Protein chains: 2
Amino acid sequence: MRVAVIGAGSWGTAVASLVSRNAPTVLWARSAEVAQEIAEEHQNRRYLAGFELPRTLGATADLERAVRGADVLVIGVPSHGFRDTVAQLAPYVRPWIPVVSLTKGLEQGSMLRMTQILGELLPGHPAGVLTGPNLAKEIMSGQAAASVIGMEDLVVAEALQRVFASGLFRVYTNHDVVGCEVGGALKNVIAIATGMAEALSVGDNTRAMVMTRGLAELTRLGLALGGELATFAGLAGLGDLLATCISPHSRNRHVGEQLGRGKTLDEVIAAMRMVAEGVKTTAVVDELARKHGVEMPIAEEMYAVLYRGRSAAEAYRGLRRRKTGHERDSG
Amino acid sequence: MRVAVIGAGSWGTAVASLVSRNAPTVLWARSAEVAQEIAEEHQNRRYLAGFELPRTLGATADLERAVRGADVLVIGVPSHGFRDTVAQLAPYVRPWIPVVSLTKGLEQGSMLRMTQILGELLPGHPAGVLTGPNLAKEIMSGQAAASVIGMEDLVVAEALQRVFASGLFRVYTNHDVVGCEVGGALKNVIAIATGMAEALSVGDNTRAMVMTRGLAELTRLGLALGGELATFAGLAGLGDLLATCISPHSRNRHVGEQLGRGKTLDEVIAAMRMVAEGVKTTAVVDELARKHGVEMPIAEEMYAVLYRGRSAAEAYRGLRRRKTGHERDSG
């Protein structure tokens, strides 16, 4: 079983490193220099500086070469490049093989999930997502983590479980692809909000409240999109939300922190070399919430901060002005 | 509407301070010195050192005096003293008045929730619980927080909402008393586990995994006891779990950290002046899980560490050895 991982960002590289212990694996990098560095020096200095990659992990910048021999295709490029990359590699994909997305975002404009894009461009291939509370650097350091493969066909999911899992990387399965993808994408919006909370020093009670009510609104939209309740309470929803919100290494939390300190979005983005999916996801979520008539007070305030010039402090005041009723209501 | 708060620990004192802004409030302290300090110096140095209490907050060590005039009775004593205290004050309680527990624990031996004890000793009184992610010191510092009143009778709950709520202290209602109480008690077991994770430096992925799978097993037992799913995902379940697990001020997390550093339970308890409910709750939960046939791998490991001499590192290794299947299963 040969595996190709497309995209040599920090998470793509970490997943490729994990998988290379179980199966022959090649990692595709957009840049020839990065591919060479991975293949020859067993390093990816740009995204995972300081970590030695497995010597068995191959790398190439040639998309056809990466994809043509693969029995499992794993896509780990940012959401804004997902469609183009998949369109480019589609001609080389062997029939029937499963395709797994690592990307936690939604497509701007179309509002599609990544497996929906896979369904359009690679019809007939079992499409799934690997998601959960997975900070790349911790996994590279050999710390334990759990993940979930979201895939409708559980027989394929169980076969993939064996491709991805290792002693310290626990992989569960879940048939609810929609829930798994929506959870991974939407938690980034809440991570931005907790980053702001951090910068505003509002305390652990408030941070816990934002995460809890954030999960509640993420779940409301997720259910409207066809996800299942249990998924949002699991690794792909709550688990990922927690890791992202409590870790100082989270990029989306970092964006919130910087905005909370009074920086503008342009300044924050200009200073980052990696993509914070949550910024774009917030815009898509705002549109989805209106389309489905779902109240999402936290996402609404984040949208106002990111795109309408509201300050972080005003956003928190806005949240506090809402009425409190029964917990199941949306206040 | 006059309110009596029974128990001048940190949370009882904080709640009495909040309520005293909305209604005439008297706080009962077991010790006459503490009562005098609160009434005359507006301080509670033992449990809330450095905070000035409202000048309108009365205090007494005379149980009859505290209780006899109260239209709302609030009980904030630790679970091991709950039954005795309620039995002592029962003769003085005015008819019909609602009684609200602040205590997040289960009675050892009987395995009862605090409102069940209220039902036995004060039958006919609407019994409820105020619970949620509420760190006393943050609330005393004027930081925002949210809480929930769990009470079957929502008309009474809404009246109590007005007694407890203030600008920065948001109070929701929930009819699911069982879920609210079980969530508050069981999260302390998971907090001990995350404290150990902290001491073992296992990383944010693992901490997120422990909280997520911890919430899953807490929910399984809570459902078996008659609680509702939505409650465990809300402020009384997830919310409280989060605040307790992320705050360095949590006593139960502190117990886990000390155990993780190799101290014995006796050493840890001897060094603490406050009660960590989770230690006793873990023993009750172990019994309840067996009685109801619910798998609770984390609670089981915590029981082994607290009562059977297993080391924290062994407990984490034990958790990693479990099989991974579909996420909805108990592994």
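The model is predicted, so local features need pLDDT of at least 70 and side-chain atom pairs count only at pLDDT 80 or more, while totals for chains, interfaces and linings use all residues. Residues are numbered from 1 along each chain as its sequence is written, chains are lettered from A in the order in which they are written, and side-chain values use heavy atoms, with hydrogens and water left out.

Let us start with how the copies relate.

Now to the interface itself. In it, 55 residues of chain A are in contact with 55 residues of chain B. The buried area is about 4,400 Å², with carbon and sulfur atoms giving 57%; this is the accessible area (1.4 Å probe) that two parts lose on being put together, summed over both. Of the area that chain A buries against chain B, A:R170, A:N205 and A:E327 supply 17%, more than any other three residues.

What about polar links? There are 28 residue pairs in polar contact between the chains, both residues at pLDDT 80 or more. A polar contact is a pair of N or O atoms within 3.5 Å; within protein, one must be able to donate a hydrogen and the other to accept it, and residues adjacent in sequence count only if both atoms are side-chain atoms.

Next, look at one residue beside this interface. B:T173 is in strand β8 (residues 169-174) of chain B, strands being DSSP runs (E, at least two residues) and helices likewise (H or I, at least four), numbered from the N terminus. With 1% relative accessibility, B:T173 counts as buried, that is, under 20% relative accessible area (1.4 Å probe, protein chains only). Leaving aside residues up to four places away in sequence, B:T173 touches A:G325, A:H326 and A:E327 in chain A, and B:V148, B:I149, B:L154, B:A157, B:E158 and B:Q161 in chain B.

Finally, helix α12 (residues 235-246) of chain B has 12 of its 12 residues buried, so it is largely enclosed by the rest of the structure. Among them are B:L235, B:D240 and B:I246.

Conventions: Buried < 20%, exposed > 50% of the residue type's maximum accessible area, 1.4 Å probe, protein only. Contact = heavy atoms within 4.5 Å.
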